[in-house]
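This report goes through selected local features of one structure, taken in turn by topic. The sequence and the structure come first.

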Amino acid sequence: MAAPEDSTLRYAFGNVLCFFILLLIGVLAFSIRLFSVIKYESVIHEFDPYFNYRVTQFLTKNGIYDFWNWFDDRTWYPLGRVIGGTVYPGLTLTAGTLWWILNSLNIPLSVETVCVFTAPIFSAFAAWATYFLTKEVKGTGAGLAAAALLAMVPSYISRSVAGSYDNEAVAIFALIFTFYLYLKTLNTGSLFYATLNAIAYFYMVCSWGGYTFIINLIPMHALLCIVTGRYSSRLYIAYCPLVLLGTLLAALVPVVGFNAVLTSEHFASFLVFIIIHVVALAYYIKGILSPKMFKVAVTLVVSVGLIVCCAVVAVLVALVASSPTKGWSGRSLSLLDPTYASKYIPIIASVSEHQPPTWPSYFMDINVLAFLVPAGIVACFLPLSDASSFVILYIVTSVYFSGVMVRLMLVLAPAACIMSGIALSEAFSVFTRSIKFQLPGVSQSHQIDAGDTGSEPSGDVIQNVVKTENIDEPVKERPSRRNKKKEKENMDKPSKPSIKSKIEKRLMVLPLETSIIALFLLVLLGAFYVIHCVWAAAEAYSAPSIVLTSHTPGGLHVFDDFREAYAWLSHNTDVDDKVASWWDYGYQTTAMANRTVIVDNNTWNNTHIATVGTAMSSPEKAAWEIFNSLDVKYVLVVFGGLVGYPSDDINKFLWMVRIGGGVFPHIKEPDYLRDGQYRIDSEATPTMLNCLMYKLSYYRFVETDGGKGFDRVRRTEIGKKYFKLSHFDEVFTTHHWMVRIYKLKPPRNRIRSKTKKTKSKSSSSTNLKRSRTRKKNPWH
């Protein structure tokens, strides 16, 4: 009776230890993302988070109903924007709920503070969800390793540092948790978990447009299981409720609506839904009919199924053919065809996040995980299960998508951590077992155990063991209460290890020295990974884009020009004034300066953005006319030539030309290039030197360095140094010249030409003479 008690104690101790390890992993995931707050301050980062912050402020102040019906007249002037119907509300509702709960508990935190710390909180949740997902695939050890890796992986840190209040902050947790519930349902066949899976998918749809990755990956896995002969009732329960409930719930999100059933991104799930029902019907008929009748019935079922599939495919083809983009969104088409955006939709190609990554970015974002992933894939095939085949499919698809778009490195990170966790767990188990078996005290006890079961078993015995164990393997049905009681009784009885397990353990024993060296190298690899992740969190990804720093011999230098410019706009302009800038700065201008903008980061109206791009690409007078027609009063440009800031508007200018030329044909990119090169020096084209963007960026620039006009970003002297502005007045330039604000001059009064003036004068003089002659008194 001592053995069961010892095993129970070990099991309980293992659970407690696992709980505390998970708690520490959550603390690690939260704390490693606080460098931005410690080094700088509690501030919102980047561009998109400022819009999310502004929307959350409106939600907490006005309530949920006003949020759904909010028409924002401070964006996309004069069009405006319906916020409730064009935004993914998951992040906003999550942060708003957290703020409401904290204030209900008399914890008076501001909305900004809650928004800043939402991403670090959900990174801890994502790490825990990764543990549960990996546990369903390869057990507790692999789950803990994967959770620890995800808590620190730089790719995920880059989008979840404190202050990064973007949709991905909660969406990655929702993605991992949805996959976990799918695998949990697949392993247990529980309808309860299937319902939870649909709800988790609904939360993912509310949070991020990347939900289409889920609704395509899971059908691919279901189809893979059917094709490879791994269909079971558990697969049916895991898949069908997700498609039905998930699609119905997704259609409730205003920004998705009927796109959940009308766009090509969702058609794969419906097609597999039909296929899985045909297969389920075939299996059901097979169970109730004789083999001869089954052949006839299968022929009938397959025929009817093919007819239904053909009809559905015909309807889908008709729907797809009616759309110019074949039912796909622009971003989806750019994923399937990496050259599509650069050819047809320059507004998508202009975003830096949509560019393909370089090879060093993989080492920067996932580091040593890139070398552990292949080992994890091999481990998933030993043995191959439904859950392990899913994570293999996940890593393969995420590697492809991350290679197309650098933003999707974020989707690759969880898959890489899962595979690396499995690889590390398997490697540690092999090496520690090898050391354990070769220790003096342990090896003798194993020899005694081997003597009890007899000497080396013959090959026939091994084959029989393998056969019997393979027979018991395939279907893991949901156990009944009686079976659960039997399993519990069998677990309480001390049982000797099987012959096959002893043979496998003996075959996987490595030499003692090799195992110790391998363990040391794995620990060294882990230490290198931790050092790299801490450096990335502290230096590479903690700096907010709105506050820049540089290390000089004199110490740390802070560039706070963006907030300086927005504060000037807020305090020195009228509330109803309109500000024009490139779309990158629209969200920040609206949130921080509280001024109306012409375009912003939503990029829903390509024509409106092209109008601004055309104005920036046009000569000064033509640009003034365009901005004046849009009721613009101020123009904001970002310039980095003085301090060496590379992400300025001059470096983005060619995208303005391309986007503007895509709508207004008189804007031609070759007019701004000299022999195919983009130049701003003396060799630049006259069109380039006379466009508005050049003039607003380099106006009075020669005064900063004694007349040279040397641009530190382009590393050259500018071509046109001395010029005056006739239609714009410079009203504010920040301390480091990073943001420059100009005001449109009022329209001039209409003055007639000189010839008309002389004619009018002569005509007026003759009229006066005539009137005088007429009025002369004849009596005098």
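## A partly exposed pair: Glu717 and Lys721

Glu717 has a relative accessible area of 37%, so this residue counts as partly exposed. The model is a predicted one. The side chain of Glu717 meets that of Lys721 in a salt bridge, with 2.9 Å from N to O. Lys721 is likewise in the partly exposed class, because its relative accessible area is 22%, and the limit for buried is under 20%.

## Other salt bridges

In total, the structure holds 23 salt bridges. Side chains of opposite charge can pair when their charged atoms come close. Glu669 is partly exposed because its relative accessibility is 25%. Arg658, with a relative accessible area of 30%, is therefore partly exposed too.

Asp166 and Arg159 form another salt bridge, in which the closest N and O atoms are 3.4 Å apart. Both Asp166 and Arg159 are buried. These two residues also belong to a network of salt bridges that links Arg159, Asp166, Glu168 and Arg407.

Ser123 is located in helix α7, which spans residues 111-138. Is Ser123 buried or exposed? The relative accessibility of Ser123 is 1%, so the residue counts as buried.

Which residues does Ser123 touch, once neighbours within four places in sequence are set aside? The contacts of Ser123 are then Ala29, Phe30, Arg33, Tyr156 and Ser160.

## Cysteines

How many disulfides are there? The count is zero. A disulfide is a covalent bond between the sulfur atoms of two cysteines.

## Helix α30

Helix α30 covers residues 586-593 and is mostly covered, with six of its eight residues buried. The buried positions in α30 are Gly586, Tyr587, Gln588, Thr589, Thr590 and Ala593.

Which elements cover the buried residues of α30? Among them are the helices α3 (48-62) and α29 (561-572), together with the strands β2 (81-82), β5 (578-580) and β6 (596-597).

Strands β12 (residues 728-733) and β13 (residues 739-744) run antiparallel and are joined by five bridges. Within this pairing, Glu730 stands opposite Tyr742 in β13. In a regular strand the side chains alternate between the two faces of the sheet.

The two strands form a hairpin, with five residues between β12 and β13. Which residue in the turn has a positive phi? Trp737 does, at about 60°.

Notes
Residues numbered from 1 in each chain as written. Predicted model: local features only at pLDDT ≥ 70, side-chain atom pairs only at ≥ 80, totals over all residues. Heavy atoms only, no water. Pairing = 2+ DSSP bridges. Helix = DSSP H or I, 4+ residues; strand = E, 2+ residues; numbered from the N terminus. Buried < 20%, exposed > 50% of the residue type's maximum accessible area, 1.4 Å probe, protein only. Contact = heavy atoms within 4.5 Å. Disulfide = S-S within 2.5 Å. Salt bridge = Lys/Arg side-chain N within 4 Å of Asp/Glu carboxyl O.
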